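Have the viewer open as you read.

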Amino acid sequence: MKVRLLIFIALISVVAPALGQRRVKLKKADNLYGSIKDGQRYDRLIGNVVFVQNNTTIYCDSAHFFKSDNRVEAFGKIHIIEGDSVDVTSNGLSYDGNDRIAHLRKNVVFTKLGLATLYTDFLDYYRNKNEARYFNGGKLVDSTNVLTSIKGYYDVNTNMASFKRDVVGVNDEYTLNSD
């Protein structure tokens, strides 16, 4: 009986913090207004808004926070910092905290610090997979190459990228054209 109790306590101490980190948390906002949209309550946040989830911090000018859905719609200057390696900016964000998917729109700049920067207007960042996907044109720049394509993805863990449709790679020595 004591062994079962010890195992139960050990499991709770490991699992409970992980479950708690699944929620997006509001860290700061200058102004907060409660609102209702389509019968659903949400917080309207304005000015210096900051959210956190695990090792990810989201900064924005304003946001709609659907706490019960664990979802954020952010507006203005969006800035996401994930750990010490990923830095993303954009003008619009729809973030699903349950699936940990960020849909970034307009003037997106996704930087894997020290390695590469991706520029696009449409980027979906799957945080669980550490994968960034663009699907309406993008440009990846590293220390020696500039690569453009219609579609592509970048794997943050392996630093591997894949490009599709109208691919053009340029560096000091050559230009590559491919589909």
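## A serine in a strand

Start with Ser 90, which sits in strand β6, spanning residues 86-96. Keep in mind that this is a predicted model.

The side chain of Ser 90 has a polar atom 3.0 Å from the backbone oxygen of Gly 92. Leaving aside residues up to four places away in sequence, Ser 90 touches two stretches: Gly 76, Lys 77 and Ile 78, plus Leu 104, Arg 105, Lys 106, Asn 107 and Val 108.

## The chain as a whole

Zooming out, the chain has 1 helix and 15 strands. It runs to 179 residues, and 35% of them are buried. As for contacts between residues at least 6 apart in sequence, 28% of those link residues at least 24 apart.

## The nonpolar core

The largest nonpolar core holds 29 residues, and Phe 51, Leu 93, Leu 104 and Phe 110 have the most contacts inside it. At least two core residues come from each of β3 (40-53), β4 (56-66), β5 (71-82), β6, β7 (101-112), β8 (116-126) and β9 (131-134). Leu 104 is also one of the residues that Ser 90 touches.

What does Phe 110 touch, once residues up to four places away in sequence are set aside? Its partners are Val 86, Asp 87, Val 88, Ala 116, Thr 117, Leu 118, Leu 123, Tyr 125, Ala 132, Tyr 154 and Val 156.

## A loop leucine

Now hop to Leu 113, found in the loop between β7 and β8. Leu 113 has a relative accessible area of 45%, so it is partly exposed; exposed would take over 50%.

Leu 113 and Asp 87 lie 26 residues apart in sequence, yet their C-alpha atoms are 7.1 Å apart in space. Leu 113 touches Asp 87, along with Asp 84 and Ser 85, again not counting residues up to four places away in sequence. Asp 87 turns up among the contacts of Phe 110 too.

## The largest pocket

Last stop: the largest pocket, with about 320 Å³ of space. It is lined by 18 residues, of which Leu 140, Asp 142, Asn 145, Leu 147 and Phe 163 are the closest to its centre. The elements giving two or more residues to the lining are β10 (138-142), β11 (146-149), β13 (160-164) and β14 (167-170).

By class, that lining has 13 nonpolar, 4 polar and 1 charged residues.

Note on methods
Residues numbered from 1 in each chain as written. Predicted model: local features only at pLDDT ≥ 70, side-chain atom pairs only at ≥ 80, totals over all residues. Heavy atoms only, no water. 1 Å grid on protein atoms, 1.4 Å probe; cavity = no way out; pocket = protein on both sides within 12 Å on 5 of 7 lines; lining within 4 Å. Points joined across faces, edges and corners; volume = space filled by probe spheres on them. Helix = DSSP H or I, 4+ residues; strand = E, 2+ residues; numbered from the N terminus. Nonpolar A, V, L, I, M, F, W, Y, C, P; charged D, E, K, R; others polar. Polar contact = N/O pair within 3.5 Å; in protein donor to acceptor, adjacent residues only side chain to side chain. Contact = heavy atoms within 4.5 Å. Core = buried A, V, L, I, M, F, W, Y, C linked by side-chain atoms within 4.5 Å. Buried < 20%, exposed > 50% of the residue type's maximum accessible area, 1.4 Å probe, protein only.
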